[in-house]
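Take it one topic at a time and find each residue as you read.

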Amino acid sequence: MKILTVKVKPNSKQQSIAEQPDGSLTVHLKSPPVEGKANQELIMLLAKKFKVPKSAIGIKSGFSSRNKLVEIPMEPLTLK
């Protein structure tokens, strides 16, 4: 597992993920930060980028903040 620092920018015109020099990510989301919609969109985008299932990604802290700690498995997942 790897813990990433993610800065979320909701209500953006386009979705994008930019890696910062310090290794953190800045993610632009179309969704508003209402009722967890931005968090759901964040998990969907990160799952696509890192090619892991959405269920494998967890937000460790910052559910209602723009700065989040997100846990992502880096080793290949095996389905059993």
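In this predicted model, the hairpin of β2 and β3 has five residues between its strands, and Gly23 there takes a positive phi near 95°. From that hairpin we can move on to the core and then to a pocket.

**The hairpin**
- Strand β2 covers residues 16–19, and β2 and β3 pair in the antiparallel sense over four bridges.
- To see the pairing for yourself, find Ser16, which stands opposite His28 in β3.

**The largest nonpolar core**
- This core holds 17 residues, and Val6, Leu42, Ile57 and Val70 touch the most other members.
- Two or more residues come from each of β1 (2–9), β3 (25–28), α1 and β5 (67–72).
- Helix α1 gives the largest share of this core, with six residues.
- Which residues does Val6 touch, not counting residues up to four places away in sequence? Val6 touches Leu25, Val27, Leu42, Arg66, Asn67, Lys68 and Val70.

**The largest pocket**
- Rolling a probe the size of a water molecule over the atoms shows where empty space is left.
- About 150 Å³ of space lies in the largest pocket.
- Its lining is made of 13 residues, and Pro33, Ala38, Phe63, Ser65 and Lys68 lie nearest the centre.
- Helix α1 (residues 37–50) supplies three residues, the largest share of this lining.
- By kind, the lining residues are six nonpolar, four polar and three charged.

Key. Residues numbered from 1 in each chain as written. Predicted model: local features only at pLDDT ≥ 70, side-chain atom pairs only at ≥ 80, totals over all residues. Heavy atoms only, no water. 1 Å grid on protein atoms, 1.4 Å probe; cavity = no way out; pocket = protein on both sides within 12 Å on 5 of 7 lines; lining within 4 Å. Points joined across faces, edges and corners; volume = space filled by probe spheres on them. Nonpolar A, V, L, I, M, F, W, Y, C, P; charged D, E, K, R; others polar. Core = buried A, V, L, I, M, F, W, Y, C linked by side-chain atoms within 4.5 Å. Buried < 20%, exposed > 50% of the residue type's maximum accessible area, 1.4 Å probe, protein only. Contact = heavy atoms within 4.5 Å. Pairing = 2+ DSSP bridges.
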